[in-house]
Amino acid sequence: MSSNREFLYRRLHSLLGVIPIGVFLIVHLTVNWFATRGPEAYNQATTFMEGLPFRYVMEAFIIFIPIILHAVYGLYIAFQARNNTSKYGYFRNWMFRLQRVTGVLVLIFITWHVWETRVAAAFGAEVNFQMMEDIVSNPVALIAYIIGITATTFHFANGLWSFGVTWGITITPKSQRISSFVSLAVFLALTFIGIRSILVFAGI
Amino acid sequence: MTTETQNKMIEMIIVRQADPESEPFEEKFSIPYRSNMNVISALMEIRRNPVNAAGEDTTPVAWDASCLEEVCGACSMIINGKPRQSCTALIDKLEQPIRLEPMNTFPIMRDLTVDRSRMFDSLKRVKAWVPIDGTYDLGPGPRMPEAKRQWAYELSKCMSCGVCLQACPNVNDKTEFIGPAALSQVRLFNAHPTGAMHKAERLQTIMDGDGGLAQCGNSQNCVESCPKEIPLTTSIAALNRETTLQSFKNFFGSDNTV
């Protein structure tokens, strides 16, 4: 069995991106949406999330370990490619390239985001509406958040498309074309939710 | 021949190198135009009269060719940026100067000649044939339905030309990815009624080790580039499904994984 690790790692990589990371992303963005209902609703939601039972176990096994595994192997995959969109400017080849570019962007974004929020919380800061308001009061941070959120939702939505191919769910060109539109819809919807929420903290 | 066509010249830029180790360089050529020329006949003209555009004597350009009707794959090279067969690259349809480069995904032997051995090694690795050799006559095999034969014929058009490997961003010096061509042949021979007897073995081969099926990154350049319009990405996705099932069989199933 030791000889087919690459197959196993690749499939695991694909799976982790959707379950649990993708599911977590949707939950995270949904909780963020509470911001549109005002600081009180948002703080209530974050308090509820923080108060969930088995918090550390869930954080470790649903968030941190899967993301680290996905990121480390993802970097390995990204740097294996020799991108050639200048010669072969096809749509899917661009998606291939953007998937790798956004993957690296998202890793940088998440590292910074976790540092400012979850790590800060571990050192005693309180994660609430005020905290986010303070972070994005800096326009550079706000732009970084908007880029980071868009890169994340793109990486997830496009990853969902390749998940379908990787696991042999979408085989025919027709099914792959339809899943392209589904992934576009997912991208647009999640980007809207994410950016709408972050703009609330910026008072826009 | 009118005076106009007599004076017409074809401008070419060819990326050359003397041997596998030496550095590549560009050389320009000006070749007298004749009607209905293809890249091969232009290269033959250079061989007949090896003089570059500056009027200096040079070595004739080396290239590979065999069938001259786009079924052998030997004459593949990069023509104006895209890998394709030089026999079906008609001069009249190409923008000048025509730029010829070797398919650098493969080891370059000399000028436009590359070593495509890895493609044939891959076919051996996945057993891209129907094994029927034995010590006694096995008799006739099962019949193949006509509809299936027609479908399989499309996959059988692969001539191992190497264009899909050249176009693939994941087939490069940093990976061992087997590439789309041999993968599609796994699907072809697994679909054959007799070839299917080795289905599990072929699937296992492309799941084992480095550079197998899993290294496909779905850029889909292969299917866009294939001169035979083989549904390579459909083959890859179909194999993804087959290997998903095979891996479940291997892990959750019984010892009977065949």
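Two strands pair if DSSP finds at least two bridges between them. Helices (H or I, at least four residues) and strands (E, at least two) are DSSP runs, numbered from the N terminus. This is a predicted model: local features need pLDDT of at least 70, side-chain atom pairs count only at pLDDT 80 or more, and totals for chains, interfaces and linings use all residues. Residues are numbered from 1 along each chain as its sequence is written, while chains are lettered from A and ligands numbered from 1 in the order in which they are written.

Q: In β2(B), which residue is the bridge partner of R16(B)?
A: Start with the strands. β1 (residues 9–16) of chain B pairs with β2(B) in the antiparallel sense, over eight bridges. R16(B) has as its bridge partner in β2(B) the residue F25(B).

Q: Which strands of chain B stand at the edges of the sheet?
A: Five strands of chain B form an open, mixed sheet in the order β2-β1-β5-β3-β4. An edge strand has a single partner, so one of its sides is left without a neighbour in the sheet. In chain B, the edge strands are β2 (25–32) and β4 (82–85).

Q: At what angle does helix α2 of chain B run to β2(B)?
A: Axes are lines fitted to C-alpha atoms (for helices, over the stretch in contact), and angles run from 0 to 180 degrees between N-to-C directions. Helix α2 (residues 39–48) of chain B lies across β1, β2, β3 (76–79) and β5 (98–101) of chain B. Its angle to β2(B) is about 95°.

Q: How are α7(A) and α8(A) oriented to each other?
A: The axes of α7 (residues 139–166) and α8 (residues 173–201) of chain A come within 9 Å and cross at roughly 155°. Angles under 35 degrees count as roughly parallel, over 145 as roughly antiparallel, 65 to 115 as roughly perpendicular and the rest as oblique. The two helices, α7(A) and α8(A), are therefore roughly antiparallel.

Q: Which element gives the largest share of the side of chain B that touches chain A?
A: Two residues are in contact if their C-beta atoms, placed from the backbone, lie within 7 Å. By that rule, 26 residues of chain B are in contact with 26 residues of chain A. The largest share on the chain B side, six residues, comes from α9(B).
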